[in-house]
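Work through the exercises below with the structure open beside you. Try each task before you read its solution.

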Amino acid sequence: RNHFRELLAYLKRTNSRLVIPAVVEQELLARYRDRLSREIKTAYTAWSNVKALVTLEYRDAEHIDIDEELELLRERLRHPGKGVRESQFLDLNTLDINELVRRGVNRKKPSDDNGEQLRDVLVWLCVLKYAEQAGSEIAFLSGDKDFRAGKDSSELHPDLREEVTAKGISLSFHTEISNFLTAHALASS
């Protein structure tokens with residue numbers, strides 16, 4: 001979509017990079033595999049139905065190698081565009097598992113009222129750790145409502161904002177790429 005192309009142009013222009021928590025990469029690849037498998041099954045069924053209706057003989061539908069497609073997507077994530085720095089993937093090994101458990105047990109954001117959403121907690125812990133190490137402003141983009149002040153809000157949840165402030169981190173939060181691009185548009189001079 002256009003917004004993603006504009007984001008890549010921004011990254012190129014500012015020599016910035018995408019930073020992706022490993023849990024996000026794994027979730028993306030798993031959901032892509034699920035969707036691709038569903039769509040392939042639908043396409044194969046539709047093609048079989050068409051072949052049953054027609055008189056002439058046609059070849060079978062092309063075989064699609066899902067594992068190869070996943071590897072190509074992983075590579076595209078790593079190298080999102082020409083002239084754009086290689087993406088950085090945040091490893092989960094350096095996170096404090098005790099903090100993950102504490103947040104779930106104590107229902108601390110971004111964990112929900114049931115102590116769930118632990119993938120969101122992992123993402124948040126990755127963001128905090130990266131922001132502390134970066135020592136400069138970072139932008140956190142997530143459409144996930146568990147990070148927000150309210151379901152319809154585009155503001156970071158007050159508890160998370162307070163945590164950012166307490167740690168002295170410079171972080172801007174955006175729920176959509178278009179919001180990020182608007183907030184970080186270059187000024188005309």
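This is a predicted model: local features need pLDDT of at least 70, side-chain atom pairs count only at pLDDT 80 or more; totals for chains, interfaces and linings use all residues.

**Exercise 1**

Find the strand that holds serine 172, and decide whether serine 172 is buried or exposed.

*Solution.* 
Step 1. Locate the residue. Serine 172 is part of strand S4, which covers residues 171–174.
Step 2. Take its relative accessible area, which is 12%.
Step 3. Apply the cut-off: buried means under 20%. Serine 172 is therefore buried.
Step 4. Look at what surrounds serine 172. Beyond its neighbours within four places in sequence, it contacts Glu137, Ile138, Ala139, Phe140 and His184.
Step 5. Check the side chains. Those of serine 172 and glutamate 137 are joined by a polar contact of 3.4 Å.

**Exercise 2**

Classify the crossing of helices H4 and H5, and list the residues that make the contact.

*Solution.* 
Step 1. Find the helices: H4 spans residues 97–105 and H5 spans residues 118–134.
Step 2. Read the geometry. Their axes come within 10 Å and cross at roughly 130°.
Step 3. Name the arrangement. At this angle H4 and H5 are oblique to each other. Their crossing is right-handed.
Step 4. List the contact residues. H4 supplies Glu99, Leu100, Arg103 and Gly104, while H5 supplies Leu118, Val121, Leu122, Trp124, Leu125 and Leu128.
Step 5. Sort them by class: seven are nonpolar, one is polar and two are charged.

**Exercise 3**

Where does glutamate 155 lie, and which residues does it touch?

*Solution.* 
Step 1. Glutamate 155 sits in the loop between strand S3 (138–141) and helix H6 (158–167).
Step 2. Its relative accessible area is 48%, so glutamate 155 is partly exposed.
Step 3. Leave out residues up to four places away in sequence. Glutamate 155 then touches Phe147, Arg148, Ala149 and Phe173.

Note on methods:
Residues are numbered from 1 along each chain as its sequence is written. Side-chain values use heavy atoms; hydrogens and water are left out. Helices (H or I, at least four residues) and strands (E, at least two) are DSSP runs, numbered from the N terminus. Buried means under 20% relative accessible area, exposed over 50%, partly exposed in between (1.4 Å probe, protein chains only). A polar contact is a pair of N or O atoms within 3.5 Å; within protein, one must be able to donate a hydrogen and the other to accept it, and residues adjacent in sequence count only if both atoms are side-chain atoms. Contact means heavy atoms within 4.5 Å. Axes are lines fitted to C-alpha atoms, for helices over the stretch in contact, and angles run from 0 to 180 degrees between N-to-C directions. Angles under 35 degrees count as roughly parallel, over 145 as roughly antiparallel, 65 to 115 as roughly perpendicular and the rest as oblique. A crossing is left-handed if the near helix is turned anticlockwise from the far one by less than a right angle, and right-handed if clockwise. Ala, Val, Leu, Ile, Met, Phe, Trp, Tyr, Cys and Pro count as nonpolar, Asp, Glu, Lys and Arg as charged, and the others, Gly among them, as polar.
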